[in-house]
Amino acid sequence: MNATTVSSTAPSSPRRDMPSRGELFRLTLPQMGLMLCHLVISMTDVWTAGKLGSDVQAATGVVAQIFSLLMLLTSLIASGCLSTVSQSLGAGLALRANRYAGLIILLSAGMGTAVALCAMLAAPLLFTAMRVSDELRPALSVFFTAYCCQLPFYYVLIMVNSIFRAYKKVMLPLLTLLLMAAANLLGDLGFGLGFFSLPAHGAAGIAWTTFACSLLGLTGNLLLARRYGLLHRKTFAPWKWNRRAMPYLFKVGTPAAAGQLITQTGSLVTLAIIGLLPDSTNVLAGMSVGGRVQAILMFPLGALYMSMVIFSGHLLGGGKRESLYAFGRRISALTGLTLLAPSALLWLLREPAAGLFSSEPAVLQQASLFLAFACLSAPLTGMTGIMNAIISGAGATVLSCRVGALTCWAVSIPLALGLGLGLDFGAPGVYAASALAQLVAFLWTIRLFRRKKWLEYGLRKRHTAQKSGGTHDGTRRSDPAGKEKPFPGSGKLS
């Protein structure tokens, strides 16, 4: 056996299969741009609404809270999207990835339409339950109607963005969102406030500008998807294929959506506990200020988490399990080490940092207390997030859901009640409960990660597809060995 044969048959090392540092930055930095664009769009609406009066600005805040809940349903499909498409691409099954993309587009359009219709029908009951005042109701109705009309388009827009990310084409959704941010700014100023000699329609101008920007963004996304070959006739598979593919999509997506819903509900319960404390108004204000400062520290991690989900799917789909495990261990450790210095600096400067957002002494005191505990747990939070992202990319969202739900409801909330109210430690007791829950989540997650059971949740690669007459798209001409493995719980796809 010559040297060439030996090198071609030798297994590749985990380190060589890891994504390079340049690839990590090329995928993460544009996704930070995506997050900034979303932030600019929302802040533009809030700022222009404030120019029209407090009732319009309050309406934008209320409708944003309502639709943040409705948008939780997108995680039902988005998590499955990143996992299924990236794993299929990692396995070299291009047609399967493309068909999953088509199925995701159809599901998001149908789900967005159903949610929008239900929301519009339930609007009177919802406004009554929320005790919306007569003064606020006209502006809120305008925003609510426009947002409901944009929901089907916005659902599909978000899903196509996820598909682009799974294909590692992160610059395409960034271009779309830059266009949307610019159009939203011009539309809010023009049709909302009457700039550029355009007719000023007030709240209606801002609301329907949001609708128009969603439609513009979706059109741009679909054109780009068509231009780069991600959207064509074969993208939309027959019903038989879709029926067998959907179980795994929802197997991944349902725990992700449930986990977010459970933890958000837990956050509301924590706020209710704080409401029972003396001087709860200053405590809530301090938490709000501290949360904004903490968000600046943790902002880059959001994009890094998304990158980890994508890399996880590609490596697992390609059968590079040891590389994925080694990569996840390395990045999580680097994340924790990287956060040590800025967390320590923010801990030392937490009061001046909070002073950028408030000048009230009582609020600053509470914000300083909040940041003291948040900075201590920040490295653990970052490491837990990296491991959860990799586990989710492998399709094991049920494990992340279990950890998040139990640490929230079995650790954080009971400790907040016991320390904050029972032992009368007040707000520091609630903050300490949150930090201890984060420690438990970190220890539990690292145990799950080291056991490697999460590697078994991925899509099954057809091991003989390329060796025994398989086609380039993952379908089969024959299976002489009779060992073709279907997707878990979904039957044989072709």
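## Confidence in the model

pLDDT is the predictor's confidence in each residue, on a scale from 0 to 100. What you have here is a predicted model, so local features need pLDDT of at least 70 and side-chain atom pairs count only at pLDDT 80 or more, while totals for chains, interfaces and linings use all residues. Residues are numbered from 1 along each chain as its sequence is written, and side-chain values use heavy atoms, with hydrogens and water left out.

Averaged over the protein chain, pLDDT comes to 84, and 89% of the residues reach 70 or more. Helices here are DSSP runs of H or I with at least four residues, numbered from the N terminus. Confidence is lowest in helix α1 (residues 3–9), with a mean of 40, and highest in helix α17 (residues 427–451), at 95.

Two stretches deserve a flag. Over residues 1–10 pLDDT stays under 50, and the model has one contact (heavy atoms within 4.5 Å) beyond four places in sequence for them. Residues 462–494 also stay under 50, but for these the model has 60 contacts beyond four places in sequence.

How far does α3 reach? Its 32 residues should span 46 Å at 1.5 Å a residue, and the end C-alpha atoms are 47 Å apart, which agrees. (The expected span is 1.5 Å times one less than the number of residues.) After α3 comes G53, with a positive phi near 135°.

Helix α10 (residues 203–227) has 25 residues and runs 36 Å from first C-alpha to last, close to the 36 Å expected. Just after α10, G229 has a positive phi of about 80°.

The structure holds 13 aromatic pairs, counting rings of Phe, Tyr and Trp (its six-membered ring) whose centres lie within 6.5 Å. W208 and F211 make an edge-to-face pair (planes over 60 degrees apart), at 5.4 Å centre to centre with 75° between the planes. Because W208 and F211 are three residues apart in helix α10, about one helical turn separates them. An α-helix has 3.6 residues a turn, so residues three or four places apart point the same way.

## The second largest pocket

On a 1 Å grid over the protein atoms alone, a pocket is an open set of points with protein on both sides within 12 Å along at least five of seven lines.

α3 (21–52), α12 (280–317) and α13 (321–348) each supply at least two lining residues, and α13 gives the most, with eight. By class there are 15 nonpolar (Ala, Val, Leu, Ile, Met, Phe, Trp, Tyr, Cys and Pro), two charged (Asp, Glu, Lys and Arg) and four polar residues (the others, Gly among them).

## The second largest cavity

A cavity is a set of grid points where a 1.4 Å probe fits but cannot get out. A search of the whole structure finds two of 30 Å³ or more, and the second largest cavity has a volume of about 40 Å³.

Which residues line the second largest cavity? They are A101, I105, V160, I163, F164, A225, L230 and L231, with eight nonpolar, no polar and no charged residues by class.

Technical notes: Rings of Phe, Tyr and Trp (its six-membered ring) pair if their centres lie within 6.5 Å; planes under 30 degrees apart count as stacked, over 60 as edge-to-face and the rest as tilted. On a 1 Å grid over the protein atoms alone, a cavity is a set of points where a 1.4 Å probe fits but cannot get out, and a pocket is an open set with protein on both sides within 12 Å along at least five of seven lines; lining residues have an atom within 4 Å of a point. Grid points are joined across faces, edges and corners, and a volume is the space filled by probe spheres set on the points.
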